[in-house]
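Open the model in your viewer and keep the selection panel at hand. The stops below are meant to be followed in order.

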Amino acid sequence: MKLPVAELHIHLEGTLEPEMIMELAAKNGVELPYASVDQLRAKYEFSNLQSFLDLFYENMVVLRTAEDFREITLAYLQRAHDSGVRHVELFFDPQAHIQRGLGLGDVIAGIRAGLNVGLERWGISHKLIACFWRHARAAEAMDLMKLLVAEKHDIDGIGLDSSELGFPPELFQEVFDYARAHGLHAVAHAGEEGPADYIWQALDLLKVERVDHGIRCLDDPALVQRLVEEQMPLTVCPLSNIRLRAVDTMADHPLPQMLEKGLKVSVHSDDPAYFGGYMDANFASLMESFNFSTEQLATLASNSFESTFLDEASKQELLAEVQAWVQQQNR
Ligand code: HPA
Ligand SMILES: [Zn+2]
């Protein structure tokens with residue numbers, strides 16, 4: 001039995017494996033600047049967040065139809081299932097797709113169709129979170145926010161992603177106020193490359209229910225204290241942090257320290273096709289450096305379920321799976 005976990009920090013477009021990119025490009029007649037999977041893979045060396053985002057946005061242009069979105073969602077869920085994921089809260093970047101002329105309804109219908117097959121086939125439950133680009137104008141995010149509500153698009157929450165430095169959360173306060181007033185959940189990337197102050201802003205101005213990444217909180221003891229007191233979930237992505245050079249090596253990763261301080265941390269894969277693997281690869285890499293105990297692993301898994309937007313009964317069912325896993329380990 002694999003450690004059962006919830007995947008709460010996963011960008012759908014970041015699950016596009018090089019093989020799928022080449023296949024979709026051929027199918028949709030999209031010209032790419034690489035002739036082969038190997039040539040594409042050779043570009044997967046990143047120096048920071050922006051160097052990754054440039055390639056990430058370039059590659060997602062191969063997605064053209066609702067069927068493409070259904071297919072990649074399902075391909076991701078197969079891998080998620082193989083790596084122990086029992087519930088997923090999936091991010092996608094609507095601005096990327098509507099700018100290319102795709103219909104918002106088609107994108108969401110395709111993703112939802114894939115998620116529903118995943119629920120039937122593997123019992124993986126789900127939520128869907130539309131992320132706004134912080135590098136684009138807040139007014140553009142606001143227009144999209146209003147459209148999502150006016151057209152009753154089927155999403156469960158909103159997030160904030162893309163380039164962090166120079167784009168503080170405060171720019172998006174109005175968008176998050178609007179989302180909250182319309183019953184949507186709210187999360188935001190903060191403190192990945194950006195300073196601890198961006199985490200304060202995400203909490204106080206955007207009133208987020210989870211912070212994505214959040215590792216830079218360790219620079220600010222008062223912030224750590226607040227995050228511990230509120231048991232604010234932090235969705236930490238170890239392989240992403242290494243590949244984007246937010247942390248030097250896995251041995252330097254702050255996750256053990258964060259656990260030690262009582263922060264509500266859980267492990268996630270961010271953009272697994274780009275960063276060296278899915279949930280299981282993240283845990284395998286952590287285990288090589290830290291050899292976590294059964295108890296520590298169970299805490300990480302339980303935190304992941306407690307940090308979901310599921311109802312209490314569903315959370316309890318999934319938490320019971322963690323306990324069953326612990327019993328199996330101790331047998
Ligand atoms: O790690 C990330 N940070 C910000 N934006 C993103 N979009 C995809 N992945 C990321
Ligand atoms: Zn992310």
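Is His 11 buried or exposed? Select this residue in the predicted model. His 11 is buried, because 24 other C-beta atoms lie within 10 Å and 20 or more is the cut-off for that class. The residue belongs to strand 1, which runs over residues 5-11. Now show its contacts, leaving aside neighbours within four places in sequence: Phe 91, Asp 270 and Asp 271.

Strand 5, residues 185-190, holds His 189. His 189 is buried, with 28 other C-beta atoms within 10 Å. What is His 189 in contact with, leaving aside its neighbours within four places in sequence? Select Leu 160, Asp 161, Glu 164, Asp 212 and His 213 to display these contacts.

For the last stop, go to helix 16, residues 312-330, and select Ala 324 within that helix. Ala 324 counts as exposed because it has 11 C-beta neighbours inside 10 Å, and the cut-off for exposed is 12 or fewer. Then draw a distance from the C-alpha atom of Ala 324 to that of Asp 270: the separation is 27 Å, with the two residues 54 apart along the chain.

Note on methods. Residues are numbered from 1 along each chain as its sequence is written. Chains are lettered from A and ligands numbered from 1 in the order in which they are written. This is a predicted model: local features need pLDDT of at least 70, side-chain atom pairs count only at pLDDT 80 or more; totals for chains, interfaces and linings use all residues. Helices (H or I, at least four residues) and strands (E, at least two) are DSSP runs, numbered from the N terminus. Two residues are in contact if their C-beta atoms, placed from the backbone, lie within 7 Å.
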